[in-house]
Amino acid sequence: MTEKLLRPLRTRPWPERWLTRLLGATAAMAVYLLCLPWDLRNRVEFPGSLGETTPVVGPGLAVLGVALIALAAYFGHRDALAWPLLVVAVPPAALMYVSFRSHPEPPDAEVWPLTWAFFTLVIAAGVLVAASVARRFRAEAVEDGWVTGAQRS
């Protein structure tokens with residue numbers, strides 16, 4: 001059973017490949033939704049206060065980071081290098097975009113595009129690093145392509 005879970009996806013039938021990728025993307029979305037609140041706007045601590053508080057907490061970010069790195073390592077070990085990026089990094093980035101976009105802000109305070117771009121870059125870089133490191137631990141030394149996983153001649 002363990003061999004089947006760790007075997008490269010290019011050796012598996014196409015329904016199993018796509019189901020595994022779909023389950024990975026669903027897991028990445030679920031972890032994001034569980035670890036971060038949907039409403040990411042800062043709030044005043046109490047009426048009339050100058051200090052703001054945010055609903056994002058450190059333990060939630062830590063759990064999100066560990067879970068996404070674990071998913072990236074798993075898919076990096078099993079699949080071509082671009083798939084972990086598409087399966088693990090894109091769903092949280094899309095949810096973050098929708099979350100930021102759903103809250104209108106005054107025109108002079110729209111910093112969400114920069115925030116979204118920065119955190120998307122951080123997530124994507126972490127996923128690529130974790131996937132690259134996990135690929136080094138494959139049992140067979142296979143030199144495969146960026147997306148297809150096909151061997152080069």
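Helices (H or I, at least four residues) and strands (E, at least two) are DSSP runs, numbered from the N terminus. The model is predicted: local features need pLDDT of at least 70, side-chain atom pairs count only at pLDDT 80 or more, and totals for chains, interfaces and linings use all residues. Residues are numbered from 1 along each chain as its sequence is written, and side-chain values use heavy atoms, with hydrogens and water left out.

**Annotated spans**
- The unreviewed UniProt entry lists residues 21-40, 56-75, 82-100 and 112-134 as "transmembrane region"; such annotations may be inferred rather than shown by experiment.
- Residues 82-100 are 100% helix and 0% strand, with end C-alpha atoms 26 Å apart.
- Residues 112-134 are likewise 100% helix and 0% strand, and their end C-alpha atoms lie 32 Å apart.

**Helix 3 and helix 4**
- Helix 3 (residues 58-78) and helix 4 (residues 82-101) have axes that come within 8 Å and cross at roughly 160° (lines fitted to C-alpha atoms over the stretch in contact; angles run from 0 to 180 degrees between N-to-C directions).
- Helix 3 is therefore roughly antiparallel to helix 4 (angles over 145 degrees).
- Contact (heavy atoms within 4.5 Å) involves Leu-68, Leu-71, Ala-72, Phe-75 and Gly-76 of helix 3, and Pro-84, Val-87, Val-88 and Pro-92 of helix 4.

**Ala-125**
- Ala-125 belongs to helix 5 (residues 112-135).
- Because its relative accessibility is 40%, Ala-125 counts as partly exposed (between buried, under 20%, and exposed, over 50%, with a 1.4 Å probe and protein chains only).
- The C-alpha atoms of Ala-125 and Ala-89 are separated by 9.0 Å, although these residues are 36 residues apart along the chain.

Methods. Parallel < 35°, antiparallel > 145°, perpendicular 65-115°, else oblique.
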